[in-house]
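Let's take a walk through this one together. Have the sequence and the 3D view open, and follow along.

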Number of protein chains: 2
Amino acid sequence: MKNSTKLDVDLFENLKLELRRGCLIVAVLAQLRQEHYGYTLRKALDDLGLAIDEGTLYPLLRRLETQGLLVSEWREENKRNKRFYKLSRQGELILQQLLQEWQTINASLERILQEA
Amino acid sequence: MKNSTKLDVDLFENLKLELRRGCLIVAVLAQLRQEHYGYTLRKALDDLGLAIDEGTLYPLLRRLETQGLLVSEWREENKRNKRFYKLSRQGELILQQLLQEWQTINASLERILQEA
DNA sequence: AATACATACTATGTGTAACACAGTATATAT
DNA sequence: ATATATACTGTGTTACACATAGTATGTATT
């Protein structure tokens, strides 16, 4: 029968996804300091423990390119066409700022955890 | 004239908000190991460097209660009625899991950053 | 040579939730 | 009497993830 919608999905899974969401953007930007294309980028993140669905990663890449953080090139490699992405100049700047924010958040969370 | 929509808002601000979003949930849950009401919870988070808009915090609290992670009580204190929230049993469990996930993400991000 | 599987990306619909903005209301200070 | 801080509620818009499905080519297997 299996009639599962987003509603039945395990509550913790959803919260975990929400927690990852913002972090994934940082992870993607950081990875793209070196050129990658979607498929291997996804594998790389997966290996690092940051699994991301195709239907999430590809739209994210396009969105980040639209926002000017990435630049891409459609190129042939090993007889196959692939879209290669890498960080733009602006992307580098934003990445640095986001990493700083990340530190701040980390510090805040650690302070909260020490409270109780 | 001022015709600002979400689109004109500074790009970095949006990304920062996205990064915070998931973390805020963890921060809120962690803070609510001790009872708080909305207003002081917000101030506390603000002091920790995790500023959150009223229009974001209150709906979040209601949502987390609906999901069973928080329990609340409408009570008078200093001649004013306030809604006091605290972590439920299930909330404690979820918080522990989310903190674990947080460690994992942190470790992954650090590995990425060491790469280049 | 046919089939299956891995690779690689695209397209569309739906649901959720943040955020902007505005509103309600009481206590305290000036 | 008025302003300000406190404390919460309500509504609409926008944006994005995720689910799902589709397209298409290369390589390995039988």
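**Hairpins and pockets**

Start at the hairpin of β2(A) and β3(A), which has two residues between its strands: there, Asn78(A) takes a positive phi near 50 degrees. Before going further, a word on the ground rules. This is a predicted model, in which local features need pLDDT of at least 70, side-chain atom pairs count only at pLDDT 80 or more, and totals for chains, interfaces and linings use all residues. Residues are numbered from 1 along each chain as its sequence is written, chains are lettered from A and ligands numbered from 1 in the order in which they are written, and side-chain values use heavy atoms, with hydrogens and water left out.

As for the element names, helices (H or I, at least four residues) and strands (E, at least two) are DSSP runs, numbered from the N terminus.

Back to the turn in chain A. Lys79(A) sits in the loop between β2 and β3 of chain A, and Lys79(A) also has a positive phi, about 65 degrees, although it is not a glycine. Lys79(A) is exposed, with a relative accessible area of 78% (exposed means over 50%, buried under 20%, partly exposed in between, with a 1.4 Å probe and protein chains only).

Now follow the strands out of that turn. Strand β2 (residues 70-77) of chain A pairs with β3(A) in the antiparallel sense over eight bridges; two strands count as paired if DSSP finds at least two bridges between them.

Hop over to chain B. Eight bridges join β2(B) to β3(B), and the two run antiparallel. One of the pairings is Ser72(B) with Tyr85(B), its bridge partner in β3(B). These strands form a hairpin with two residues between them, and Asn78(B) in the turn has a positive phi of about 50 degrees. Asn78(B) is exposed, at a relative accessible area of 66%.

Where does the largest pocket have its lining residues nearest the centre? Look for Leu17(A), Arg21(A), Leu24(A), Ile52(A) and Thr56(A), from a lining of 15 residues. The elements that give two or more residues to that lining are α1 (11-31) and α3 (54-66) of chain A, and α1(A) gives the largest share, seven residues. By type, the lining divides into six nonpolar, one polar and eight charged residues (Ala, Val, Leu, Ile, Met, Phe, Trp, Tyr, Cys and Pro count as nonpolar, Asp, Glu, Lys and Arg as charged, and the others, Gly among them, as polar). About 350 Å³ of space lies in this pocket.

A pocket here is an open set of points on a 1 Å grid over the protein atoms alone, where a 1.4 Å probe fits, with protein on both sides within 12 Å along at least five of seven lines; lining residues have an atom within 4 Å of a point. Its volume is the space filled by probe spheres set on the points, which are joined across faces, edges and corners.

The second largest pocket holds about 240 Å³ of space. Its lining includes Glu18(A), Leu17(B), Arg21(B) and Thr56(B), and α1(B) gives the most, with five residues. Six nonpolar, one polar and five charged residues make up this lining.
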